[in-house]
Amino acid sequence: MELRTLKIKNIGELVTYNSHLFRLERVSDAEIYIEDGIIVAIGEELGSADHEIDAGGALVTPGFVDPHTHPVFSETREYEFEMRVAGKSYREIAEAGGGILSSVRSLREISEDELVKKVAQRMREFLKLGTTTIEAKSGYGLSTKSELKSLKVLNIVRESMQLDIVPTFLGAHAFPVEYETDRNAYIKLICEEMIPAISEQGIAQFCDVFCEKGWFEVDDARRILNTAKNYNLGIRMHVDEFADSGGAILAAELNATSADHLMHTSDEGIHNMAESGVTAILLPATTFFLGESNYAPARKFIDEGVNVALATDFNPGSSMTQSMPFVMTLACLYLGMNVEEAFIGTTYNSARSLNMEDKVGSLEVGKQADLIIWNLKSLSQIPYWFGGNNIRCVIKCGERVVDFSD
Ligand code: NIG
Ligand code: FE
């Protein structure tokens, strides 16, 4: 069978992580040659292809990999934003029955078909902002039926879209009202019914737990995640978002793939994560959107040798943004990361946090042709020019999926 070939020519600067040299690489005046969606050459004057795209001297980078999102919800929660602006805290709103539980009520009501439409629409928005691979969590169902519905919807959308979606089961996101007086019974339901059903259907790759005082305590999280491990699910965790509850230490103990949030993690937690090779996923848009100032100690993680990735945490309560460029801006301004670190954190390191760095997260021979042609000239213009969309074209597996040119 004939190979379908595509050439991206006239690239002013190509910026990518180089996984052989372990550093960022900037190539001037480059071309990329693609066969059947895979990069086969990067260089100069690479010969003709069936299709050619002229980058017009612009910046080209890999597509973003967003390794922590909650896109499977029904309704937005702007009234909570108004309450927070008026002085209520995220925790107060949650304790009054709002927050995650309000999303649970509407998620349980919406039909599968309607939910597919909403999630697919959100995925199209991610693509427009340059995200070509995304981790996506359930967690607004909190019953076997509605958690399975959420994960099924992610799998349906994945089949129909040019976007890599990695589904994560987050039944341990909150305690549903019907189990509020018997929390152990809900943990038992997760371990004995939800995880086995999800594993049997093969609809999630990871299991996550919101490990935080008042939500799932360390012992609850350990029980759930050990069960998930026995069913061959990978492990991700929400830890130390509002207080240091020992979540990072548990993530290290369990050899989790990632521990996320980490705004209050102790030095011991950081050290243990480094020893166990747990990726730190930092979510500065959440700290920003909650109006807080205690950003995660990114430099400490980097100095300890932890793989640091960045994500949007897109969700209707604590981070209503889908923009990885905006996350880069926040990482530079408030996490003390330099532009290169922020870029690697949103591309290669985030691909590593999903065990996908052999396929996505960098532009190298043998990897998927997932890339962004920008209306920009240089890497530092991405976080610098914030608040709009500076993308011209998004290519996923060699196909043009977004085109704002003309
Ligand atoms: O990662 N903190 C837990 N989960 C989300 C918030 C979910 C919501 O408010 O709907 C987070 O910030
Ligand atoms: Fe989250």
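Reader: Where does ligand 1 sit?
Author: In the largest cavity. A cavity here is a set of points, on a 1 Å grid over the protein atoms alone, where a 1.4 Å probe fits but cannot get out. Sitting there means that more than half of the ligand's atoms lie within 2 Å of the grid points. This is a predicted model: local features need pLDDT of at least 70, side-chain atom pairs need 80 or more, and totals for chains, interfaces and linings use all residues. Side-chain values use heavy atoms, without hydrogens or water.

Reader: How many residues surround ligand 1?
Author: 15, with a heavy atom within 4 Å as the cut-off. Arg77, Tyr90, Tyr140, His173 and Ser318 are the closest.

Reader: What classes are in that shell?
Author: 4 nonpolar, 8 polar and 3 charged residues. Tyr counts as nonpolar, Gly as polar, and Asp, Glu, Lys and Arg as charged.

Reader: Which side chain has an N or O atom 2.4 Å from a ligand 1 oxygen?
Author: Tyr90. For Ser318 the distance to a ligand oxygen is 2.6 Å, and for His261 it is 3.0 Å. The cut-off for such N or O pairs is 3.5 Å.

Reader: And how much of ligand 1 does the protein bury?
Author: 100% of the 330 Å² that the ligand exposes when taken alone. Areas are Shrake-Rupley, with a 1.4 Å probe.

Reader: Switching to the fold. How many helices and strands?
Author: 15 helices and 16 strands. These are DSSP runs: H or I of at least four residues, E of at least two.

Reader: Why call the chain as compact as a globular protein of its length?
Author: Because its radius of gyration is 21 Å, close to the 22 Å that the globule rule gives for 406 residues. That radius uses C-alpha atoms, and the rule is 2.2 Å times the number of residues to the power 0.38.

Key: Residues numbered from 1 in each chain as written. Chains lettered and ligands numbered in written order. Polar contact = N/O pair within 3.5 Å; in protein donor to acceptor, adjacent residues only side chain to side chain. 1 Å grid on protein atoms, 1.4 Å probe; cavity = no way out; pocket = protein on both sides within 12 Å on 5 of 7 lines; lining within 4 Å.
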